[in-house]
Amino acid sequence: MNKRDVTIVGGGIAGLTAAFFAARENLTTTIIDNQGVSGGVLINVDSIQNFPGFPDGISGYELGPMIAGQASASGAEFVFGSVMDIHQCEDGWELSGDFGSVVSTNLVVATGSQPARLGVSNEEQLYGHGISYCATCDGDFFRDEDVLIAGGGDAALDEALVLAEIVNSLTIVHHGDSPTGSKATLARVQALPNVGMLTNSEIVGLNGDDVLIGASVRDEHGSIQDLDCTGLFVYVGSNPQTNLLQDWCELDALGHVAVDDYMSTGVVGLYAVGDIRQRSSGLLLGSAADGMAAARAIVAKN
Ligand SMILES: Cc1cc2nc3c(=O)[nH]c(=O)nc-3n(C[C@H](O)[C@H](O)[C@H](O)COP(=O)(O)OP(=O)(O)OC[C@H]3O[C@@H](n4cnc5c(N)ncnc54)[C@H](O)[C@@H]3O)c2cc1C
């Protein structure tokens, strides 16, 4: 593969938007992603209600391919593979992985985040046996059953809307006074007849050896109640996937990368966009804007 002007690691909305904006300015652009389908987290979002231009909402599995199609039509090249190492070299950056290697003047890292774990014992053991981090992916396995959601941010509320249509009952367990996600989405969730909410409460134990049969929930007074449930969907934050960057730029205690307004890390030719950067909006539109900002900064240098 010839040397590229721009290579992007990660085909979520941040990376795809960077690819679109770079390629349409005739920069040779490659985007490398380790999932079969472009779109990253987006692909699993059932209904997006906060993306301008879609007053009735749109699903991620429709929006993702639209943006990927725009990037591809602009000339971006798509490579399926995992980037395992990056190195600064005379010509810019060298990336290597199961796809081979690529040399690129500029490198945009858009690797997104992974769901944080609850941190209670049995969680890993029961993953796939009652515990899930994606209602859109796994919700159907819990048809007419009683399930819990841990969390109260946007992801938890969005996924509550999906799950409530499938399950018998849904209880949202949130550690604060009130969920922190969008007020509009919260109102829709609260209007659903089969959704309950336990605030100032946290899940402190999981019951079941081979499959989940219940969870222990502690309230603000320290009282613990056992709730029967066969499913638990966890949305308690996310961990940025920044291990590729750890030798090249400073990461904060949570693993996020500091960038300037142009998404530059301060290291020549190295940009970080989307969920992995400090002060990320954590939203699709903000992640897309990051990709655009990085690409425009790279275009401006040429
Ligand atoms: C359940 C849920 C619902 C949400 N709903 C909404 C919503 O309705 N509205 C909204 O605005 N936001 C929503 N969000 C947030 C939004 O989805 C994220 O902010 C956004 O998708 C982040 O995009 P990204 O491009 O930074 O990362 P991602 O979408 O995570 O993409 C990163 C990509 O990089 C790939 N990758 C990682 N490491 C490598 C590597 N080493 N080599 C190659 N590829 C790699 C990953 O596999 C992935 O495909 C939701 C999030 C969740 C979890």
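At what angle do helix 1 and helix 2 pack, and how far apart are their axes?

## Helix 1 and helix 2

Helix 1 and helix 2 (residues 60-73) pack at an angle of about 25°, and their axes are 8 Å apart. Axes here are lines fitted to C-alpha atoms, for helices over the stretch in contact, and angles run from 0 to 180 degrees between N-to-C directions. Helices (H or I, at least four residues) and strands (E, at least two) are DSSP runs numbered from the N terminus. This is a predicted model, in which local features need pLDDT of at least 70, side-chain atom pairs count only at pLDDT 80 or more, and totals for chains, interfaces and linings use all residues. Residues are numbered from 1 along each chain as its sequence is written.

The two helices, helix 1 and helix 2, are therefore roughly parallel to each other (an angle under 35 degrees). Ile13, Leu16, Thr17, Ala19, Phe20 and Ala23 of helix 1 meet Ile67, Ala68, Gln70 and Ala71 of helix 2; residues are in contact if their C-beta atoms, placed from the backbone, lie within 7 Å. The residues of this contact comprise 8 nonpolar, 2 polar and no charged. Ala, Val, Leu, Ile, Met, Phe, Trp, Tyr, Cys and Pro count as nonpolar, Asp, Glu, Lys and Arg as charged, and the others, Gly among them, as polar.

## Helix 7

Helix 7 (residues 284-301) has 18 residues and spans 26 Å from its first C-alpha to its last, close to the 26 Å expected at 1.5 Å a residue (1.5 Å times one less than the number of residues). Among its buried residues are Leu284, Ala288, Gly291 and Ile298; buried means that 20 or more other C-beta atoms lie within 10 Å of a residue's own, exposed 12 or fewer, and partly exposed in between, with C-beta atoms placed from the backbone. The buried residues of helix 7 pack against strand 1 (4-9), helix 1 (13-23), strand 6 (100-109) and strand 17 (270-272).

The axes of helix 1 and helix 7 cross at roughly 35° and come within 7 Å. Their contact includes Ile13, Ala14 and Gly15 of helix 1 and Leu284, Ser287 and Ala288 of helix 7. Its residues divide into 13 nonpolar, 4 polar and 2 charged.

## Two loop residues with positive phi

Asp144 is not a glycine, yet has a positive phi of about 65°. Asp144 lies in the loop between helix 4 (135-138) and strand 9 (146-150) and is exposed, with 8 other C-beta atoms within 10 Å.

Asn200 also has a positive phi, near 50°. Its loop runs between strand 11 (195-198) and strand 12 (202-207). Asn200 is partly exposed, with 14 other C-beta atoms within 10 Å.

Technical notes:
Two residues are in contact if their C-beta atoms, placed from the backbone, lie within 7 Å. Angles under 35 degrees count as roughly parallel, over 145 as roughly antiparallel, 65 to 115 as roughly perpendicular and the rest as oblique.
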